[in-house]
Amino acid sequence: MKTDFKEEWKHLNQYQMEAVLDESPACVVNANVGSGKTTVLIAKILYLHYEKSVPLEDMVVLTFTNKAADEIISRLRKKEPGLSREQVMGFGTFHSAALHLLKHQLSLEQTGWNREFTVISPDEEADLAAEV
């Protein structure tokens, strides 16, 4: 069901609207805490999806924290209850999106690598370095 994405626009100021309507191939939203970055990103995602016909699964939406990434997906699901996990696989932190690309999207085998790898935590890294 198509959501009324313009509903998101009611509370946006001039600068936020500028970010939503920007036609650049990439858009960085950088602002203070509580300034509406997530609201702008949701409006931008819905605008690109419904107005510009960009499939959600073709978007990459990057944040610095899991909390922000979860909030974006949660808000999108409120607007679009039928949203599948596959549609938002490119939405997440820089690290989670990069891991997804490495594990599922890129042709690693052609470069001599395989997808059977794990990512270790900083603590595991320190323990491994101490062992070596």
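**The negative patch and its setting**

Tutor: Glutamate 124 is located in helix H5, which spans residues 122–131 (helices, H or I, have at least four residues and strands, E, at least two, as DSSP runs numbered from the N terminus). The model is predicted, with local features requiring pLDDT of at least 70 and side-chain atom pairs pLDDT 80 or more, while totals for chains, interfaces and linings use all residues. Residues are numbered from 1 along each chain as its sequence is written, and side-chain values use heavy atoms, without hydrogens and water.

Glutamate 124 counts as partly exposed because its relative accessibility is 43% (buried is under 20%, exposed over 50%, partly exposed in between, with a 1.4 Å probe and protein chains only). Together with Asp123, Asp127 and Glu131, Glu124 forms a negative surface patch (residues with over 30% relative accessible area and no salt bridge, like charges joined within 9 Å and nonpolar side chains, Val, Leu, Ile, Met, Phe, Trp or Tyr, within 5 Å; a salt bridge is a Lys or Arg side-chain nitrogen within 4 Å of an Asp or Glu carboxyl oxygen).

A nonpolar surface patch consists of Val60, Leu62, Phe64 and Phe94, with about 440 Å² of accessible area together. Valine 60 sits in the loop between helix H2 (37–51) and strand E1 (61–63), and counts as exposed because its relative accessibility is 57%.

The chain as a whole has five helices and two strands, in the order α-α-β-α-β-α-α. Along the principal axes, its C-alpha atoms fill a box of roughly 55 × 35 × 30 Å. Of the 132 residues in the chain, 27% are buried.

Conventions: Accessible areas come from the Shrake-Rupley method with a 1.4 Å probe; for residues, only the protein chains shown count as cover. Lys and Arg count as positive and Asp and Glu as negative; His and the chain ends are not counted. The place of a charge is taken as NZ of Lys, CZ of Arg, CG of Asp or CD of Glu.
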